[in-house]
Amino acid sequence: TKIFEQGFIVKAGTTVTLNNCNYQFMPGAKVIVEQGVISENNNNPIINVSGGVLILDATTFKSVPACNNRWQGIEVRGNRTAHQATIAGKCAQGKLITRNNSTIQDAICAVALWQPDNWNTTGGIINASNTWFTNNTKSLHALEYDNYVPTNDSIKVLASNVSSFTNCNFNITSSYIPGSPAQVFYKHVDLSKVNGFKFRGCDFSIPPGINSYINLYNMAIGCYNAGFQLDAPCTNTTVPCTNYDRSSFNNFYTAIYAANTGVNNFTFSVVRANFTNNAIGIYVNGVKNESILFNNIYLGPNY
């Protein structure tokens, strides 16, 4: 076990891989994955130095238990004006890869795909698989970024964000640390003005009933003028598929909240998910062309 008082930085141009590590962080500590170094050429970015890459492989990041407080989390910084493609081995965005039962726990924001309050740094990338996001006040915050197809054309063709979550678990347990000052859980995923985030076979949960450390109007995914796809990967080789790894949502006030004020045409899809014991399964306000297909939605309590 290593304990960090302030955290560490993954510099641009470097890749850090952590295998079977247990890292603990004090309340003021954070991890920063730097964005790449770019220059502009007729509104097209030239990537001089690739963004930093942090890989967590069977690795745990959590707070120091003796502190009884939260740490800050991971900032994956990007370049807002640059695309997310990798060209000649270089990508303008910082990237976080998590896999093999890695855990990010007890953070104020487990993964922020920007440097908070610096709007030029949106566009960071996360690719998570078989990862636990446990007892975080917020697990993912992504906002204000449009990916696009890299061309020499002056007209930018928008593309889906490349960030993804596969077979991940977002959960709150009775071991949730309120922190000081108290941080009350409100939502696992917070998406605003981004498009194309992918969730495949992921599970979202909080404890049942009313809890002092969970906001009454909690949600699993909050989607504001944003778009995402949530579906179920096939788990057998039968054609057509006969068994799916469904996503699940348990015990929320609103499992999925999606609203659009007309600033863009981003939409969402929820396919083959199970909703259990939620007061509201999916709440849609102002979104057009959404797809909600083959889900099992079981009635929950009306708080």
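The model is predicted: local features need pLDDT of at least 70, side-chain atom pairs count only at pLDDT 80 or more, and totals for chains, interfaces and linings use all residues. Residues are numbered from 1 along each chain as its sequence is written, and side-chain values use heavy atoms, with hydrogens and water left out.

## Sheets and strand pairs

Let's start with the sheets. Strands here are DSSP runs of E with at least two residues, numbered from the N terminus, and two strands pair if DSSP finds at least two bridges between them.

Strand S25 (residues 203-205) pairs with strand S28 (residues 247-250) in the parallel sense over three bridges, and Asp 203 stands opposite Ser 248. S28 pairs in turn with strand S31 (residues 273-278), again in the parallel sense, over four bridges. In S31, the bridge partner of Ser 248 is Asn 274.

## Backbone spots worth a look

Most residues other than glycine have a negative phi, and most peptide bonds are trans.

Ser 180 and Pro 181 are joined by a cis peptide bond with omega about 0 degrees. Pro 181 sits in the loop between strand S22 (169-171) and strand S23 (185-192). The peptide bond from Val 239 to Pro 240 is cis as well, with omega near -5 degrees, and Pro 240 belongs to the loop between strand S27 (227-231) and S28.

Two asparagines have positive phi values. For Asn 68, phi is near 50 degrees, and the residue lies in the loop between strand S9 (60-63) and strand S10 (73-76). For Asn 135, phi is near 60 degrees; its loop runs between strand S17 (131-134) and strand S18 (140-143).

Which of these asparagines is buried, and which is exposed? Buried means under 20% relative accessible area, exposed over 50%, and partly exposed in between, using a 1.4 Å probe and protein chains only. Asn 68 counts as exposed because its relative accessibility is 54%, whereas Asn 135, at 1%, counts as buried.

## Aromatic rings

Rings of Phe, Tyr and Trp (its six-membered ring) pair if their centres lie within 6.5 Å; planes under 30 degrees apart count as stacked, over 60 as edge-to-face and the rest as tilted. By this rule there are 24 aromatic pairs, and two of them are set out below.

| Pair | Centre distance | Plane angle | Class |
|---|---|---|---|
| Phe 4 and Tyr 23 | 5.1 Å | 55 degrees | tilted |
| Tyr 257 and Tyr 283 | 5.1 Å | 5 degrees | stacked |

Phe 4 lies in strand S1 (residues 2-4) and Tyr 23 in strand S4 (residues 22-25), so this pair ties together parts that are 19 residues apart in sequence. Both Phe 4 and Tyr 23 are buried.

Tyr 257 belongs to strand S29 (residues 254-259) and Tyr 283 to strand S32 (residues 280-285), so their pair ties together parts 26 residues apart in sequence. Tyr 257 is partly exposed at 22% relative accessibility, and so is Tyr 283 at 35%.

Ring pairs also link a cluster made up of Phe 133, Phe 165, Phe 170, Phe 199, Phe 204, Phe 228, Phe 249, Phe 268 and Phe 275.
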